[in-house]
Amino acid sequence: MPMQGAQPIILAASVSKLFGSLKALDEVSLDVMPGAVQCIIGPSGSGKSTFLRCVNQLETIDSGAMFVDGELIGFRRKGDQLHRLSDAEIARQRLATGMVFQRFNLFHHLTALQNIVEGPVTVLRQPRKEATERAMALLERVGLASKRDAYPIELSGGQQQRIAIARALAMNPRVMLFDEPTSALDPELVGEVLAVMRDLAASGMTMIVVTHELGFAREVAGDVVFMDHGKIVERGPPAEILSRPSHPRTRDFIAAVLT
């Protein structure tokens with residue numbers, strides 16, 4: 001549940017992103033409160049994933065401003081000028097967000113446990129014993145403690161995605177970003193990943209979820225955004241956006257997904 005009286009933990013102000021002549025994001029403004037679950041839906045190419053990548057600084061915005069936990073990201077303001085941050089400063093800011101991708105991106109030469117331990121040890125400089133204990137607790141949380149010594153090739157897609165979630169959590173992010181985390185999974189494996197995400201939402205983790213799983217959005221999201229052509233078309237509670245959308249484009253999209 002969002003924290004009463006809190007300031008947004010994610011704030012996008014008129015954010016635009018260009019890829020050549022394509023305007024992937026067009027003056028997008030969005031705020032996400034601490035503890036909220038923000039779902040973003042829309043057709044392919046609507047800008048959903050680009051928005052997440054801008055939050056995580058995998059892409060650089062071309063105009064507007066993005067704040068994470070009250071801090072302007074990507075730039076430092078000096079007087080009336082904005083100066084691009086160094087790679088090291090961007091890497092520090094990126095620690096506030098954990099990102100889970102469509103593909104699992106696990107290190108194939110490392111076991112499940114080693115995949116989770118690697119970041120805290122090498123980036124956060126945690127003692128290996130402490131990082132290992134935390135990793136085991138996370139494996140337990142995602143229901144995979146018995147797979148600690150398994151390599152990714154020995155795991156199902158759903159299991160790999162749950163390891164990827166545990167790996168992101170091990171870095172202690174303030175916000176979790178999910179980019180269509182079930183889209184690469186066989187249908188029978190989707191539920192096990194969504195169950196982990198429901199548990200995270202119930203624990204109060206701030207989440208931004210790009211998804212086509214409308215049932216999950218209806219159940220878990222506090223707020224749903226529909227995007228199309230780089231713009232936010234409409235935004236509101238799940239019952240409103242998913243059951244009584246006001247914009248014809250939203251209605252067409254939801255009807256197509258549910259067909």
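## Arg 141 and its contacts

The side chains of Arg 141 and Ser 203 are joined by a polar contact of 3.2 Å, where a polar contact is a pair of N or O atoms within 3.5 Å, of which, within protein, one must be able to donate a hydrogen and the other to accept it, and residues adjacent in sequence count only if both atoms are side-chain atoms. This is a predicted model, in which local features need pLDDT of at least 70 and side-chain atom pairs count only at pLDDT 80 or more, while totals for chains, interfaces and linings use all residues. Residues are numbered from 1 along each chain as its sequence is written, and side-chain values use heavy atoms, with hydrogens and water left out.

Arg 141 is placed in helix H4; helices (H or I, at least four residues) and strands (E, at least two) are DSSP runs numbered from the N terminus. Its relative accessible area of 38% makes Arg 141 partly exposed, since buried means under 20%, exposed over 50% and partly exposed in between, with a 1.4 Å probe and protein chains only. Beyond residues up to four places away in sequence, Arg 141 touches Asp 199, Leu 200 and Ser 203, contact meaning heavy atoms within 4.5 Å. Arg 141 and Asp 199 are 58 residues apart in sequence, and their C-alpha atoms are 8.9 Å apart in space.

## Overall architecture

The protein has nine helices and twelve strands. Its radius of gyration is 18 Å, which agrees with the value near 18 Å that a compact globule of 259 residues would have; this radius is taken over C-alpha atoms, and the globule rule is 2.2 Å times the number of residues to the power 0.38. Along the principal axes, the C-alpha atoms fill a box of roughly 50 × 50 × 40 Å.

Of the 259 residues, 51% count as buried, and among contacts with a separation of 6 or more, 65% are accounted for by residues 24 or more positions apart. The accessible surface comes to about 12300 Å², of which 52% belongs to carbon and sulfur atoms.

## Gln 38 in strand S3

Gln 38 lies in strand S3, which covers residues 37–41, and with 2% relative accessibility Gln 38 counts as buried. The side chain of Gln 38 makes a polar contact of 3.1 Å with the side chain of Asp 223. Leaving out residues up to four places away in sequence, the residues that Gln 38 touches include Leu 30, Val 32, Met 207, Val 209, Asp 223, Val 225 and Arg 235.

Thr 211 is found in the loop between strand S10 (206–210) and helix H7 (214–220), and at 3% relative accessibility Thr 211 counts as buried. The side chain of Thr 211 reaches the backbone nitrogen of Glu 213 at 2.8 Å, and, neighbours within four places in sequence aside, Thr 211 is in contact with Cys 39, Ile 40, Ile 41 and Glu 180.

Glu 180 sits in the loop between strand S9 (175–179) and helix H6 (187–202). Glu 180 counts as buried at 10% relative accessibility, and its phi is near 45°, a positive value in a residue other than glycine.

## Arg 125

Phi is also positive, near 60°, at Arg 125, a residue other than glycine. Arg 125 is placed in the loop between helix H3 (112–122) and helix H4 (128–141), and with a relative accessible area of 65% Arg 125 is exposed.

Notes:
Areas by Shrake-Rupley, 256 points an atom, 1.4 Å probe, with all protein chains shown as cover.
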